[in-house]
Amino acid sequence: MVFMTANWHPLGDAFYRKTDLYEMGWNIGGLRDCLIAAAPYGGPIALLKGSQRSERSHSVRPVMEMYTSSGVPLASFLWKSGIVVDIGWTVSDYLLCIQEDGTVLIYDILGNYCRHFNMGSELSQNSVTEAKIFHSAYRTGVAILTKAYRFSVVTNIEDQKIWRLPDVPGLQTSGLSCWTVISQDRQTKLVLASGRNIYVLDSDSCTSVTVPGLDPDISSYLHMSASFNYKYLALYTNTGCIWMGTSNLKEKLGEFDCKFHAPPKQMVWCRRPRSQQPSVVLMWDSLLLVAGKSNESIQYNLDDELYLVPELDGVRIIGSKSHEFLHEVPATCEEIFKIASMAPGALLLEAHKEYKKESQKADEYLREIKDQNLLPTAVEQCIEAAGFEYEPETQKMLLRAASFGKSFLSNFSPERFVTMCRELRVLNAVRDYTVGMPLTYVQFRQLTVQVLIDRLVFRRLYPLAIEICKHLKIREFQGVSHVLKHWACFKVQQKEPDEDIAHAINQKLGDTAGISYSEIAAKAYECGRPELAIMLLDFEPQSGEQVPLLLKMKRGQLALNKAIESGDTDLVYTVVMYLKNEMNRRDFFLTLRKHPVALSLYRQFCKHQEQDTLKDLYNQEDDHQELANFYVQESYQEAKVEVRVAELQKAVDEYSKARNEFAAKATEEQIKLLKFQRKLQDETDKPYVDRSLHDTVYSLLLEGSHRHAEQLYKDFKIPDKRYWWLKISALAEKNDWEELEKFSKSKKSPIGYLAFVEVCVKHQNKYEAKKYVSKVTPELKVKAHLLVGEVEQAADIAIERKNENDLNLVLSRCNQSTDRSLVERLNKARSGANKK
């Protein structure tokens with residue numbers, strides 16, 4: 001117990017300790033002449049050597065170097081751009097380099113240039129003097145100060161919308177001593193000090209603020225710092241007093257007088273989440289001081305140039321030789337390891353130690369915990385404390401004690417214990433010197449496993465990322481598949497033969513769920529390797545994913561083959577339309593002729609959208625039958641008879657070439673009819689065009705143009721039955737019963753006289769209808785009598801003929817008013833017909 005608390009230092013109601021993380025693997029000789037930036041959550045470190053603008057040598061270019069938190073080199077390159085004001089990391093571990101001209105250059109963790117943006121055109125006249133990079137949960141922003149004391153802010157570098165903040169009155173006269181950014185609740189504000197005045201600056205206003213509880217003798221502020229979550233603010237005054245309070249400057253949390261009038265090089269917050277202890281870490285050349293709200297402090301003498309990195313739950317201290325983590329000792333760890341502690345976790349840990357010694361004291365400690373019903377609490381404390389410890393041996397000691405304690409509990413859920421074991425194994429793996437990510441358990445839970453996997457992938461630590469995914473049983477598409485996809489995208493950039501890379505990727509990925517070969521192929525194409533991209537696309541099972549990239553690569557023929565194989569008509573249409581725009585007409589048609597499916601679909605499209613193209617297509621293929629059909633359809637779209645006749649004549653010619661004599665003859669008949677109808681229109685001044693042959697004849701008969709009707713009858717060889725039907729219908733329609741009777745006597749009817757009866761009845765003239773009943777053939781007379789309402793006569797004929805169908809027909813027409821004796825006669829006759 002004494003050993004565990006040897007490096008603990010009390011401050012107010014809490015203890016603080018420094019944990020050694022790494023002996024740095026770099027050889028940089030010191031941090032004094034460097035611009036340095038370290039990413040939060042155990043992220044990488046960037047150094048720009050020889051970057052001080054006042055001392056910059058124009059003969060020697062600065063060097064940008066990137067390292068892991070353990071000092072393992074990641075990248076190094078000469079800085080060939082402009083003068084750098086500040087550097088910093090984004091939430092996604094991309095490096096931002098802000099230059100005097102307002103240009104912000106972005107590099108990845110391996111030193112590859114990604115892109116850049118500018119903070120505004122006005123910076124060509126007023127250069128940047130200071131810059132600050134700030135973070136929120138999912139974004140990174142940049143704030144700059146120009147020589148003209150004007151502020152500009154980009155709250156999200158992905159959006160790059162620049163906000164010009166209002167001018168601060170009198171700032172150019174009184175000067176600016178310090179400033180910081182507060183980014184909270186999707187709002188970004190600047191807090192700045194000018195003399196003894198504090199201003200809060202947002203996009204709309206500039207407000208002067210009075211700091212509560214501050215000594216009125218203070219004349220200026222030399223330094224200010226916001227906490228990691230921007231909820232708190234610390235101000236360092238010219239008297240050496242440190243004011244700590246909320247970032248809205250409405251509540252004071254504490255004050256500390258360090259009695260140093262010189263401003264610190266750095267001042268950062270050191271506060272655990274949900275901790276009630278406000279504390280700030282300050283650094284001078286030879287002193288590191290931890291200040292709280294009481295008069296107590298913790299001091300460390302320095303013999304090296306350091307750099308402080310604020311974290312969610314503490315402060316990382318980076319030196320040229322070592323890397324440490326300063327933080328408040330968690331309450332659980334304090335209860336377990338504090339000297340003479342009687343906390344349940346402390347007693348359980350002692351019980352386990354005595355159990356390993358085979359001492360009976362183990363039972364005494366366990367009984368003491370059980371008597372208070374605190375064994376579940378003791379197990380929970382040991383599990384929780386294991387997460388806060390950095391050394392694996394200490395973690396094991398606590399977890400073994402927890403395992404020992406839960407063996408005496410029958411209903412204790414093992415889930416919490418198992419989860420902690422798994423997550424600590426992951427943390428120990430990424431904390432390893434070769435990886436260099438000193439994540440704490442609190443940071444890990446805040447960061448999430450998925451983000452950790454992404455960061456390992458960005459560092460190209462693919463095997464470790466895959467093992468972690470398997471160990472934590474992450475769903476495949478978020479875990480192993482995600483990592484393998486990034487590995488494959490990296491693999492296509494290697495200088496190896498295309499066949500070897502494609503084979504290696506297919507061997508590694510196979511049919512792994514959640515991986516799209518088309519995405520990997522797209523990356524290969526971006527890298528200037530189209531043949532490799534095509535090889536990779538062959539492994540893609542979904543044609544819909546293959547085609548878009550093939551079109552982008554100008555491989556239309558291959559894309560068409562893939563689209564046809566897929567059976568997706570929309571996909572085929574997409575490729576066909578692409579080929580149409582990319583190829584000349586002749587080559588396009590030749591290509592379609594090689595693919596009947598695509599040709600058929602394109603024809604359907606042209607029928608509805610591009611009629612002229614359809615005609616060209618039929619001409620190209622010498623398809624006379626379809627071309628003739630096309631001319632026939634076109635003729636119906638024309639208003640002028642002459643044009644229609646010309647189109648139909650073209651159709652006749654094409655039908656003849658196609659050896660379709662029937663269609664050619666029918667079209668010629670149509671031409672003949674059109675010409676005749678046009679002649680009728682000219683003679684009668686009535687519309688006849690666009691009517692069928694029979695409609696035309698019927699109209700002529702109705703109008704009394706029997707001569708023209710007879711001419712059509714003869715010229716077009718209308719069947720006699722059809723012509724008689726048209727004529728008697730027209731005469732009945734006109735009520736010209738006299739002419740109808742003459743026509744019936746002119747010659748024998750080819751359709752029979754029942755038709756005369758029917759048309760008369762249809763036009764409600766039974767009197768005329770009865771004239772023709774006697775002329776109806778015997779087998780139809782029953783029906784004729786029924787049409788004119790002569791039921792008894794129909795019954796007599798039916799009974800006489802003894803025809804069952806006729807008898808049934810008459811019976812169906814009988815009703816209640818019919819003579820009952822007639823019905824009996826019919827039924828009797830039907831019975832006799834059935835016997836016969």
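Helices here are DSSP runs of H or I with at least four residues, numbered from the N terminus. The model on screen is predicted.

**Stop one: two loop residues.** Select Lys 554, in the loop between α15 (543–552) and α16 (556–566). Its phi is positive, about 65°, although Lys 554 is not a glycine. Most residues other than glycine have a negative phi. With a relative accessible area of 57%, Lys 554 is exposed, because exposed means over 50%.

Next select Thr 448, which sits in the loop between α8 (441–447) and α9 (449–458). Thr 448 is not a glycine either, and has a positive phi of about 80°. Its relative accessibility is 36%, so Thr 448 counts as partly exposed.

**Stop two: the cores.** Go to Leu 348, Ile 505, Leu 509, Ile 520 and Leu 536, which touch the most other members of the largest nonpolar core, a set of 97 residues. Helix α5 (residues 375–388) supplies the largest share of this core, eight residues. Now centre on Leu 509: beyond its neighbours within four places in sequence, Leu 509 contacts Leu 484, Trp 487, Ala 488, Ile 515, Tyr 517 and Ile 520. For a second, separate core of 32 residues, select Ala 143, Ile 182, Val 211 and Trp 243, which are among its members.

**Stop three: a helix pair.** Show α24 (residues 693–703) with α26 (residues 720–733); their axes lie 9 Å apart at an angle of about 40°. The two helices are therefore oblique to each other, and their crossing is right-handed. Residues to display include His 694 and Tyr 698 in α24, and Arg 722 and Glu 733 in α26. The contact has seven nonpolar, two polar and three charged residues.

Conventions
Residues numbered from 1 in each chain as written. Predicted model: local features only at pLDDT ≥ 70, side-chain atom pairs only at ≥ 80, totals over all residues. Heavy atoms only, no water. Axes fitted to C-alpha atoms, helices over the stretch in contact; angles between N-to-C directions. Parallel < 35°, antiparallel > 145°, perpendicular 65-115°, else oblique. Left-handed = near helix turned anticlockwise from the far one by under 90°. Contact = heavy atoms within 4.5 Å. Nonpolar A, V, L, I, M, F, W, Y, C, P; charged D, E, K, R; others polar. Core = buried A, V, L, I, M, F, W, Y, C linked by side-chain atoms within 4.5 Å. Buried < 20%, exposed > 50% of the residue type's maximum accessible area, 1.4 Å probe, protein only.
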